[in-house]
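Dear colleague,

I am handing over the structure below, and the notes after it set out what was found. Please read them alongside the coordinates.

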Amino acid sequence: MDRADVRPLAGRRPAPAPLVVSVLALAAVMALAISVGSVPVPPAALMGGLVDGLRGHVHGTVDVIVWQLRLPRVVLAALVGAALSLAGAAFQGVFRNPLADPYLLGAASGAGFGAAAVLVFAGAVPWLARLGVPVAAFACAMATVAAVTLVARQGSHLPSVSLILSGVVVGSSLTAATSFLMLASRDRAAGILSWLLGSFAYASWGRLLPVAALLLPAALAILAAARALDVMQLGEESAAQLGVPIEAVKLGLLVAATLATAAAVSVAGVIGFVGLVVPHAVRLAFGAPHRRLLPLAAVWGALFMVLADLAARTVVAPAEVPVGVITALVGGPFFLALLRKQRT
Amino acid sequence: MSVVARAVRAGYGDGDVLRGVDLELRSGEVLGVIGPNGAGKSSLVRVFTRLLPLREGHVEVDGVPLARIARRSLARQVAVVPQSAELPSGFRVEELVAMGRAPHIGLLGAPTAADAEAVEAALRETDTERLRRRAASELSGGERQRVLLARALAQRPRYLLLDEPTNHLDLRYQLEVLAFLRREVARGVGAMVVLHDLNLAAGGCDRLAVLDRGRVAALGAPSDVLTAPLVSKVYGAEVEIHTLDARPLVVPRLPRG
């Protein structure tokens, strides 16, 4: 039995070429994003800065710009983009709906409410201030999805329709609560809105590491479910008849995708469209099998987010546009174009 | 070797759809299941794959009670060709057929040469090799049905359960499905097929089970089962039974006027 006989299974080897090319493209875009800014960094200085940083001798202005300002920001944008896109792909797979996104079960509205609560009440409630926005956002996002899941649960089953409906309902309530907080303390409203729209301006290695530590296991769990997700596209009944433990896979994926989403949102705010558009576009371009789709969605989510953040900090420099505004402005029309293309 | 149902009661909500079904699917036979809409034919398929829990009674596969067979292990023994031929978009035919190997590979395992060989054989036997690179959305109804047959074959099951596999198919594909079943049972597979077309059932099945309101109203060779009184009673429609090549031929009496 030679390799050619194995290839038709297509589950044997992930098609290497598109992934390799995509990773190289991501590396190039990240290098570009580190180079561009108020102080341009030429390629040689960029390499020098990276090497110095890796060795632990960060000296000189350029090294500080490369290693302590731009690299953490670019890496964080890449991680958040990859996380949202991967979580979006997982949600779209679980719900067999290309319009599902990572915020479907209320992670975004939960995080938004948590962040708003800290921003409004931190002055009056010291423990909220100590908790900080990222931790509160993360905890509220997880708690919201947990509540939605418990409400939707019917015995040992997690019916997709009830999950989506309770996600929408709980999400709307929390968004209303956040809006109320903004109206009630108008002096903080701009701060809350700016957090909600997303930014990587406060990126640092210290903020990045906990996010990476949460994302890595979540991403691995989602990638490991590739075959189950494929079979689940046949419908839950057929998947069960093919031996897939539907409820366990579903719950595992919801936990992993929610962890990734909550971690991303807690440090970057509620950045929309990436988790919806990128997996969808990758599916149209490279096909639906998840062992190909999931890694490519992660890489292209990272690439898209790094570019969006680059635009966010350069288009009206020295001011910044919230990165969520950029992703929505670019992602919206792009998504509409995809929808129209699909219909024909 | 057989799948046996004894006094099976099962249903949805407050009602029972199956109300005491006794039936045996033997290796090497095509067992046709016929009966009017709502008689419980599809529910029987769901009971045999543990999607519909038993309320009473007993089902066993080759002597092992269904409840003691793990879902993945059951999927290696019993394959289902579903009623609706909806296939997810974005997958090629060979990828869809390879999904039949899921119960053998497991969720975290990697496909082996044996898996690839089973997929190739399934493509070959269903004559879908030339479709392998096609997207599911580009297939005709008959081609989609063949892909579903190939997926079930890739499971290498001992029993095949087909739920109205000839629905929406033209005559040629209907005969093709029956020819496929004859080939498989000649290799020792036991096939249970839910059919609406009584003449197709009479011509293609070794035995017929007539389901009526959740019970087996008749069971046996087509010529014994398909009698005018029984068919008229179960379906509530007047029919004449003729004999052609020693097989019963059901001719409905059309209302005149």
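In chain A, Arg96(A), which has a positive phi near 50 degrees, follows helix 4 (helices are DSSP runs of H or I with at least four residues, strands runs of E with at least two, numbered from the N terminus). This is a predicted model, in which local features need pLDDT of at least 70 and side-chain atom pairs count only at pLDDT 80 or more, while totals for chains, interfaces and linings use all residues. Residues are numbered from 1 along each chain as its sequence is written, and chains are lettered from A and ligands numbered from 1 in the order in which they are written.

In helix 10 of chain A, Val211(A), Leu215(A), Ala218(A), Ala219(A) and Ile222(A) are the buried residues, and they pack against helix 4, helix 13 (246–268) and helix 15 (290–314) of chain A, where contact means C-beta atoms, placed from the backbone, within 7 Å.

Between the chains, 27 residues from chain A and 27 residues from chain B make up the contact. Helix 1 (3–6), helix 11 (226–232) and helix 12 (236–241) of chain A each supply at least two residues to the side of chain A that touches chain B.

Best regards

Definitions and conventions:
Contact = placed C-beta atoms within 7 Å. Buried ≥ 20, exposed ≤ 12 C-beta atoms within 10 Å, placed from the backbone.
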